[in-house]
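Subject: Structure handover

Hello,

Here is the structure for you to look over. My notes on it follow below.

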Amino acid sequence: MGISTNGNNYGKWSNSEYDQLVGQVGVESDVTKRWQEMKDAEKILLDDYAYIPIFEKGAATLQNPKLKNLVIKPCRTISFEYVEKKLKRHNNKI
């Protein structure tokens with residue numbers, strides 16, 4: 001999100017060293033090097049106070065108790081892949 005050209009960079013923070021590191025992360029195949037590059041990039045963000053969270057979005061979700069296996073991920077993405085509807089069985093007595 002902190003890349004200079006990212007559309008979500010609302011604060012318009014820019015750091016060429018950070019941009020270069022994040023670019024390297026995207027193409028680095030050595031896991032150890034990539035991890036170090038990510039840590040170095042994060043340090044730049046923290047040292048520059050590039051982002052200071054001032055709010056957190058909240059959300060509420062209602063779920064029909066007849067639904068089973070509905071997955072709501074932390075980023076509020078809802079997965080219907082494994083959803084099942086519980087069927088109510090009635091006794092048809094005459």
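Buried residues account for 16% of the 94 residues in the chain. Please bear in mind that this is a predicted model. The chain exposes about 8600 Å². Carbon and sulfur atoms supply 54% of that area.

On the fold: the chain has two helices and four strands. Read from the N terminus, the order is α-α-β-β-β-β. I also looked at contacts between residues at least 6 apart in sequence. Of these, 18% join residues at least 24 apart.

In soluble globular proteins, nonpolar side chains tend to be buried together. Here the largest nonpolar core has seven residues: Trp-13, Tyr-18, Leu-21, Ala-41, Ile-44, Leu-45 and Ala-50. Helix 1 and helix 2 (31-47) are the elements that give two or more residues to this core. Helix 2 provides the largest share, three residues.

Trp-13 deserves a look of its own. Its relative accessible area is 13%, below the 20% cut-off, so Trp-13 counts as buried. Which residues does Trp-13 contact, leaving aside its neighbours within four places in sequence? They are Gly-2, Ser-4, Tyr-18, Ile-44, Leu-45, Asp-48 and Ala-50. Among them, Tyr-18, Ile-44, Leu-45 and Ala-50 are also listed in the core.

Then the aromatics. A search of the whole structure finds one aromatic pair. It is formed by Trp-13 and Tyr-18, with ring centres 5.3 Å apart and planes at 65°. Angles over 60 degrees count as edge-to-face, so that is the class of this pair. Tyr-18 is buried too, because its relative accessibility is 7%, again under 20%.

Last, the backbone. Two residues are worth checking if you look at torsions.

- Lys-12 has phi near 60°, a positive value in a residue other than glycine. Lys-12 sits in the segment before helix 1 (16-27). Its relative accessible area is 64%, over the 50% cut-off, so Lys-12 is exposed.
- Asn-69 also has a positive phi, about 70°, and is not a glycine. Asn-69 lies in the loop between strand 1 (67-68) and strand 2 (71-72). At 39% relative accessible area, Asn-69 falls between the 20% and 50% limits, so this residue is partly exposed.

Best wishes

Key:
Residues numbered from 1 in each chain as written. Predicted model: local features only at pLDDT ≥ 70, side-chain atom pairs only at ≥ 80, totals over all residues. Heavy atoms only, no water. Buried < 20%, exposed > 50% of the residue type's maximum accessible area, 1.4 Å probe, protein only. Contact = heavy atoms within 4.5 Å. Areas by Shrake-Rupley, 256 points an atom, 1.4 Å probe, with all protein chains shown as cover. Phe/Tyr/Trp six-rings, centres within 6.5 Å; stacked < 30°, edge-to-face > 60°. Core = buried A, V, L, I, M, F, W, Y, C linked by side-chain atoms within 4.5 Å.
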